[in-house]
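Subject: The two-chain structure, handed over

Dear colleague,

Here is the structure that I promised to pass on to you, with the sequence beside it. Please open it before you read on, and keep it in view while you go through the notes below.

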Amino acid sequence: MISVVDYGLGNLHSIKKALNYIGHDVLITNDKGVIKSSKKIILPGVGHFSRGIKNLEKFNLVETLREKSLSSDCHILGICLGMQLLTNFSEEGNIEGLKIVDLNVSRFNLEEEYKIPHIGWNSIKAKESISILEGIGQDELFYFVHSYAISKSGNSKIKYGFTDYGKSFVSIFSKDNVFGVQFHPEKSHNQGLKILENFVNL
Amino acid sequence: MDKGLVKTVNFSNPNYIGDPINAVKIFNEYKADELIFVDISASLNGRSISSKFVKEVGEEAFMPFSVGGGIKTIEEAESCINNGAERIILDSHACENPDIINTCAENFGRQSVIVSIDVKKSFFGKYNIYTHNGTQKQPKNIIEWAIEAQNRGAGEIMINSISQDGTMKGYDCKLVQKISSNLTIPIIAAGGAGSYLDFNEAIKFGASAVAAGSMFVYHGSRKAVLINYPDKSELSNIFK
């Protein structure tokens, strides 16, 4: 059973619809017990980082998610704000995240011609092979809408894919069983659905 | 006329195009980038875009979509977001009670908030803001209002030219440039697109995104209703 974490932020309905469309059942939940027994966890998110982490604390899910990230028979996918929450720290609120992946989130700092938020369709240049990108061409586009982004860290255990918007930022990462995507696969047509399919089939 | 997709000219004479959900299905097939739904009679009638309708769109759309029309409370905005909309569009009510922009941005993040500004160009070339589907002239200065909306938390501004709307004679690029040169957030040009060349023009003048209505629902000089959209290779040629 795929659990989609409901912590009060995020387009849960769209993710559920997308997964149902490709033939998978989904449970929208914030129940600790249910999440603990899930083999696939999706952490969605749209909104402010500090509100996100505070809501996860409010629902008492921080430790559970950390434990699940270390369990080899479970996979976690963070989407947009969900991806950012998996990291150490964000400048959006200057607050710590779940610290599951050794990365940081900072505000876009770009030339004047690049408007912020980054809104629109963009491609991923994957340097390393990331399992959930299997079968997806290099020129496929995905939908981004964000003002803050993740930059690469020195941690060698993390695999990265980058996207250019003025500068390069991390648009997808994987570390063991934990994945993060800055874009919205549930709103990126067939190529987005393929990423969800790949995740479910891990 | 009750409900349905309509196309206006200068915000008047709505011409029935078809069922909006059907249009979503067709645009899905065409892999359209993004859809915008505005209930153009909502603010006039003191209501907001139907959450049932937003949910129906959410059930069908595999691309991002934004919704607007009479949104005046955080609850109405939240209902749209919870029903699957990526962004909510604030217009008439925000112009009169701009705090709603701050509230929505604080609750959903600025990337979820679009402020739409409908603009008429007078005979003497002066730009005026109109709300409530082009019926109420507002005293605010356009640039000042756009900057205020940005500062209050709008993630994007949609500039809708009432004067160009439905004419398919091109965007008001002067207006696009006036606004985009004063903002750090992206702007969507709307009103007047007649050809792919118009898209290039608007981008050249500072638009980050281009919206079109007539171009995507009409075909030919007799304006036969035919929903269309450029394919991937046409798109990459347009936006080289």
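A salt bridge is a side-chain nitrogen of Lys or Arg within 4 Å of a carboxyl oxygen of Asp or Glu. E76(B) and K72(B) are such a pair, for their closest N and O atoms are 3.3 Å apart, and K72(B) counts as partly exposed because its relative accessibility is 29%. Please keep in mind throughout that this is a predicted model.

Salt bridges in chain B

Over all chains, the count by this rule comes to 15 salt bridges. One of them is formed by the side chains of E34(B) and R87(B), which meet at 2.7 Å, N to O. E34(B) sits in the loop between α1 (20–29) and β3 of chain B, while R87(B) belongs to strand β5 (residues 87–90) of chain B, so the pair ties together parts that are 53 residues apart in sequence.

R87(B) also forms a salt bridge with E156(B), and here the closest N and O atoms are 2.9 Å apart. Because E156(B) lies in strand β9 (residues 156–161) of chain B and R87(B) in strand β5 of chain B, this pair ties together parts that are 69 residues apart in sequence. Through shared partners, the salt bridges join E34(B), R87(B) and E156(B) into one network.

Where chain A meets chain B

The size of an interface is often given as the accessible area lost when the parts come together. Between chain A and chain B the buried area is about 2,500 Å², and carbon and sulfur atoms give 53% of that area. Chain A brings 26 residues to the contact, and chain B brings 36 residues.

Two salt bridges are counted between chain A and chain B, and among them is the one in which the side chains of K187(A) and E86(B) meet at 2.7 Å, N to O. There are also 15 residue pairs in polar contact between chain A and chain B, where both residues have a pLDDT of 80 or more. On the side of chain A that touches chain B, at least two residues each come from α1 (12–21), β8 (118–123), β10 (141–146) and α6 (189–200) of chain A. The element that gives the most to this side is α1(A), with five residues.

A residue of strand β8

S123(A) is part of strand β8 of chain A, and S123(A) counts as buried because its relative accessible area is 11%. The side chain of S123(A) makes a polar contact, at 3.4 Å, with the side chain of K125(A). If residues up to four places away in sequence are left aside, S123(A) touches Q138(A), E140(A), L141(A), F162(A) and T163(A).

A nonpolar patch on chain B

Finally, please look at I36(B), V38(B) and I40(B), which make a nonpolar surface patch of about 200 Å². V38(B) is found in strand β3 (residues 35–38) of chain B, and V38(B) counts as partly exposed because its relative accessibility is 44%.

With best wishes

Note on methods:
Residues are numbered from 1 along each chain as its sequence is written. Chains are lettered from A and ligands numbered from 1 in the order in which they are written. This is a predicted model: local features need pLDDT of at least 70, side-chain atom pairs count only at pLDDT 80 or more; totals for chains, interfaces and linings use all residues. Side-chain values use heavy atoms; hydrogens and water are left out. Patches are made of residues with over 30% relative accessible area and no salt bridge: like charges are joined within 9 Å, nonpolar side chains (Val, Leu, Ile, Met, Phe, Trp, Tyr) within 5 Å. Accessible areas come from the Shrake-Rupley method with a 1.4 Å probe; for residues, only the protein chains shown count as cover. Helices (H or I, at least four residues) and strands (E, at least two) are DSSP runs, numbered from the N terminus. Buried means under 20% relative accessible area, exposed over 50%, partly exposed in between (1.4 Å probe, protein chains only). Contact means heavy atoms within 4.5 Å. Buried area is the accessible area (1.4 Å probe) that two parts lose on being put together, summed over both. A polar contact is a pair of N or O atoms within 3.5 Å; within protein, one must be able to donate a hydrogen and the other to accept it, and residues adjacent in sequence count only if both atoms are side-chain atoms.
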